[in-house]
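Hi everyone, thanks for coming. Let me put the structure on the screen, and then we can walk through a few of its features together.

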Amino acid sequence: VLPVLSVAARDNEVRLNFVTQRTTQVLGLLGVLFALVLCIGAEPIITILGGEQYAGAAPVLQIQCIALVTIFITGAWTTTLVSMEHTRPLAWATAVGVVAVTVLGALLIPPHGAIGGAIAAVAGDVIFCSYVLMTLWRAGPGRALAAAPFLRAAAAAAPIVVFALLSPLPELVEALVAAVAFPLLAFVTGAVPVEIRDRVLRR
């Protein structure tokens, strides 16, 4: 994506905004998908990979899953900023994120242990993501981001969250259901970019 964005940043502002929107949309959907699957299946996944002795880490992973969404979305925004050669603001954003994690970790880890560390990590990444968005807004492409795709993604995720909370099925089964159901719901709600939908339907 970076070569396309770099040329667009130089020659075509409309295309730059379009690619930024689509990249944000796709990476956001992937982040939500992975977050849902890992959050719902945290305990069985940890048990399968590490053994029963690590099952107690599941709540920590469930908290950290929230950061998957911001990490994926920020990946789209930082790529656009790099293509526009706004590297200094990105360095400041990283510094702000590091300071936020350090301060929050110092405040939350002593009283809350691993849970506090997970909360600090997620909060730090949210602060980093917010700073990057503010930078993208000042640079221009951030102002062109539409809210509708994100609302549709939330609408696709909501039924899966309710299902996971109410379902009597094993967590691993629920995670597998989420892995299949979320892409389908994202497709139905229009959260998936129209270009991808058209290619799928043509096949």
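I'll talk about salt bridges, then an aromatic pair, and then a surface patch with one of its neighbours.

A word on the ground rules: this is a predicted model, where local features need pLDDT of at least 70, side-chain atom pairs count only at pLDDT 80 or more, and totals for chains, interfaces and linings use all residues. Residues are numbered from 1 along each chain as its sequence is written, and side-chain values use heavy atoms, with hydrogens and water left out.

So, how many salt bridges does the structure hold? There are two, counting a side-chain nitrogen of Lys or Arg within 4 Å of a carboxyl oxygen of Asp or Glu. Glu195 and Arg22 form one of them, at 2.8 Å from N to O. That pair links distant parts of the chain, with Glu195 in helix 9 (residues 194–202) and Arg22 in helix 2 (residues 13–40), 173 residues apart. Helices here are DSSP runs of H or I, at least four residues, numbered from the N terminus. Glu195 is partly exposed at 34% relative accessibility, and Arg22 is partly exposed too, at 22%. On this scale, buried means under 20% relative accessible area, exposed over 50%, and partly exposed in between, with a 1.4 Å probe and protein chains only.

Asp11 and Arg10 also meet in a salt bridge, at 2.8 Å from N to O. Both Asp11 and Arg10 are exposed.

On to the rings. The count comes to one aromatic pair, where rings of Phe, Tyr and Trp (its six-membered ring) pair if their centres lie within 6.5 Å; planes under 30 degrees apart are stacked, over 60 edge-to-face, and the rest tilted. Phe34 and Phe72 have ring centres 5.7 Å apart and planes at 45 degrees, so the pair is tilted. Because Phe34 lies in helix 2 and Phe72 in helix 5 (residues 66–83), the pair ties together parts 38 residues apart in sequence.

Last, the surface. Ile48, Leu49, Leu172 and Leu176 make a nonpolar patch of about 450 Å². Helix 3 (42–50) and helix 8 (171–189) each supply at least two of the patch residues. Leu49, in helix 3, is exposed, with a relative accessible area of 73%. Thr47 is in helix 3 as well, and its side chain reaches the backbone oxygen of Glu43 at 2.8 Å.

Technical notes. Patch = residues over 30% accessible without salt bridge, like charges linked within 9 Å, V, L, I, M, F, W, Y side chains within 5 Å. Areas by Shrake-Rupley, 256 points an atom, 1.4 Å probe, with all protein chains shown as cover. Polar contact = N/O pair within 3.5 Å; in protein donor to acceptor, adjacent residues only side chain to side chain.
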